[in-house]
Amino acid sequence: MASNNGSAFRKAFETKDFVVTAEIGPPKGTDISRMVEHIEALKDVVDGLNVTDNQSSVMRISSLAVCRVILDHGGEPILQLTCRDRNRLALQSELLAAWILGVRNVLCLTGDYISVGDHPQAKPVFDLDSVQLLQTVGMLNQGKDLAGNDLEGGTDFFAGAVVTPEADPIEPQMIKFQKKIAAGARFFQTQAIYDVDNFKRFMERAEADGVKIMAGIVLLVSPGMAKYMNKNVPGIFVPDALIEEMAEAPKGKRLEAGIRIAGRMIRQLRDEKLCHGAHIMAIGKEECVPRILEAAE
Amino acid sequence: MIVAERKPLEQIEGMIEGMQKILVAGCGTCVAVCMAGGEKEVEILAAQLRMRAKLKGIQRTVDEITVTRQCDREYLDQLAKYVGQYDAVVSTACGAGVQFLAERYDDKIVLPALNTLFIGVAEGPGQWSQRCMACEDCILDQTGGICPMTICAKNLLNGPCGGTNHGKCEVGDDRDCAWTLIYRKLEKLGRLDYMRKIQPPKDYSVMTKPGRYSHEAYEEAEKKEDKE
Amino acid sequence: MSDQTAPEPKAEPFEPKVVAFCCTYCAYTAGDLAGSMRLEYAPNVRVVKILCSGKIDAVLLLRAFEDGADAVYVAGCNIGDCHFLEGNLRAIRTVAYTQHLLREIGLEPQRLEFFHIPASAGPLFAQRANEMTERARKLGPNPLRSRRTERAGGKLQRQPDPHPPLPEAKLGRLIRHEERMAESQTP
């Protein structure tokens, strides 16, 4: 377990009390200049850059290619891998490809359903689910593929998964959480949390010894966004107090209020030692991440 | 049973364009129960086709017949003395029945009048829902009789995804989250341990198309006959 | 199409043929009452007595149009008054479905209607009969009627079917083992 696989992200959990990652959404198209700006701005202020895989089932540049771009710019990438678009052959070859390109961290997800995205007519794959994908990573780490064949050189990925602390009902979510740990997940990134008390309760019942939990922080940009998420995004609950706080901010200052809220939450999570880190999703506003971290000091 | 729906009349009209003598052949089994292709639906479709032709001023004869099943040769044989008299047979069977009919009368144009939907159950009058994927490896014993391969949009085998939403699915509020149903059922039955067990990846090799199956009893008998 | 006169060569004024499927418990009785009350209503309406409006069937309704009816209506009890509890509810559904079928064919769905006519409503019976006749008059003759004689195909030819359907399969008949044993034992 203690072997160093060359993952700076993994190492950060050993050397720091509180690890921070940020999300990079690959662009739709080949112009990556803005994304590279974000990478340059973030790579030294966070411990890892987490690259989404056709997020929300919208076709974009592949996560793996962007991970390599991050490496080229001196950052630490975390590859997101979903089961939606690839069968077990494609998933394994993607993992091997990631390894030879220098990617050391992988986040295993099921993936949103096809119909929510921009190619709703596509054939959904879901050959494996996230638990089985984690097991697959475990097999590759042992030098074998999913069918049990020996590999000429295996991998040593630092594998993670996701969990939704606000899921309702929570019990089946917790059962799956335990299965993911059993299947080899070493770090967890949570769905966006806004209610720290709820998150505390989740951590108490999680029995997540030995795994690292990173609280998901999604930057609020308007009270409307908060209401929209409450209504439309499963597993996200923004308390009324935060919505009011956003609404009270004057029109031009709402982003500031969002940054203040995110910073305050990260500070509380860190100072109260509620979890091992935070994962910041500043969707479309990646340049704000350094300011969120400043606000967290 | 197999659940199907009638194609729009316009589409069926397009298939039989220029043909004068049409036999509408119904199937008295699954598609009769789901009100898509039984005796009565055959009558309706034939009447519609006749009326449509008259409105367009086209010469067209449309006759009707319904057999017990179109997926058994014995019943298809009953059509033998009739099909020769028609330009085409419009079958209101499921896709399997249409193919078997086309195979049995292979010099005849056989056309589908239905879209086959799924293997399902009658939820209520006029309402059906899918319940089985024919995945050839049933795990309902471990999931409280609720099929994650079918009810879960992503056919997840190890629990709900992050899209589960107060017991509903991220694909739409009109769909139940399979794993919430399974959890509640297993909890009620005191069998939650089944849910804690990691299910291995599905073996899709058994689903290689086209599926074939022969009953053991007949296999044995055939072997015996071969020996003798 | 609305105020078109009859296309028949005789140039007689168009007199619509209207078929009324009437539930025996309500609309048909209302028709009797209308007669006793000496109410006048359009003579174009041919009343067909059915045991319950729920007995009506898309096939029957289509047949009426196929045979040349200019308008058809189904008359059943008020909601909640059905002798068979929900026959009228089924009839409403069947009529709506058949309207869809007519639309598919290209025939005006307004030629078909469902009415509630309680047994005591003699005047309403007459009113509905006039209403539907007027509607048919406005819509003009059923285009299937005018072409019936020269172009009819299928069953409308009213010739004996040269290929009569096969004997009805007795699907779903329960065969009790006991009964069969008893049968087989009788000499």
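## Chain A: overall form

Chain A has a radius of gyration of 18 Å, taken over C-alpha atoms. A compact globule of 297 residues would come near 19 Å, so the value agrees. That rule is 2.2 Å times the number of residues to the power 0.38. The C-alpha trace of chain A spans about 60 × 45 × 40 Å along its principal axes.

This is a predicted model: local features need pLDDT of at least 70, side-chain atom pairs count only at pLDDT 80 or more, and totals for chains, interfaces and linings use all residues. Residues are numbered from 1 along each chain as its sequence is written, chains are lettered from A and ligands numbered from 1 in the order written, and side-chain values use heavy atoms, without hydrogens and water.

## Secondary structure and burial

Chain A holds 11 helices and eight strands. Helices (H or I, at least four residues) and strands (E, at least two) are DSSP runs, numbered from the N terminus. Chain C has seven helices and four strands. Its order along the sequence is β-α-β-α-β-α-β-α-α-α-α.

Of the 297 residues of chain A, 56% are buried. In chain C, 43% of the 187 residues are buried. Buried means under 20% relative accessible area, exposed over 50%, and partly exposed in between (1.4 Å probe, protein chains only).

## Salt bridges

Over all chains there are 42 salt bridges. Each is a side-chain nitrogen of Lys or Arg within 4 Å of a carboxyl oxygen of Asp or Glu.

In chain A, Asp150(A) pairs with Lys144(A), with the closest N and O atoms 2.7 Å apart. Asp150(A) is exposed at 62% relative accessibility. Lys144(A) is partly exposed at 32%. Glu297(A) bridges to Arg270(A) at 3.7 Å between the closest N and O atoms. Glu297(A) follows helix H11 (289–296) and Arg270(A) sits in helix H10, so the pair ties together parts 27 residues apart in sequence.

In chain C, Glu113(C) and Arg135(C) meet at 2.9 Å, N to O. Glu113(C) is in strand E4 (residues 112–116) and Arg135(C) in helix H4 (residues 122–139), 22 residues apart. Both are partly exposed: Glu113(C) at 21%, Arg135(C) at 24%. A salt-bridge network links Glu43(B), Arg50(B), Glu64(B), Arg63(C) and Glu66(C).

## A negative patch on chain B

Glu216(B), Glu219(B), Glu222(B), Glu225(B), Asp226(B) and Glu228(B) form a surface patch of negative charge. Patch residues have over 30% relative accessible area and no salt bridge, with like charges joined within 9 Å. Glu216(B) lies in helix H10 (residues 216–227) of chain B. Glu216(B) is exposed, at 58% relative accessible area.

Methods. Patch = residues over 30% accessible without salt bridge, like charges linked within 9 Å, V, L, I, M, F, W, Y side chains within 5 Å. Areas by Shrake-Rupley, 256 points an atom, 1.4 Å probe, with all protein chains shown as cover. Lys, Arg positive; Asp, Glu negative; His and termini not counted. Charge placed at Lys NZ, Arg CZ, Asp CG, Glu CD.
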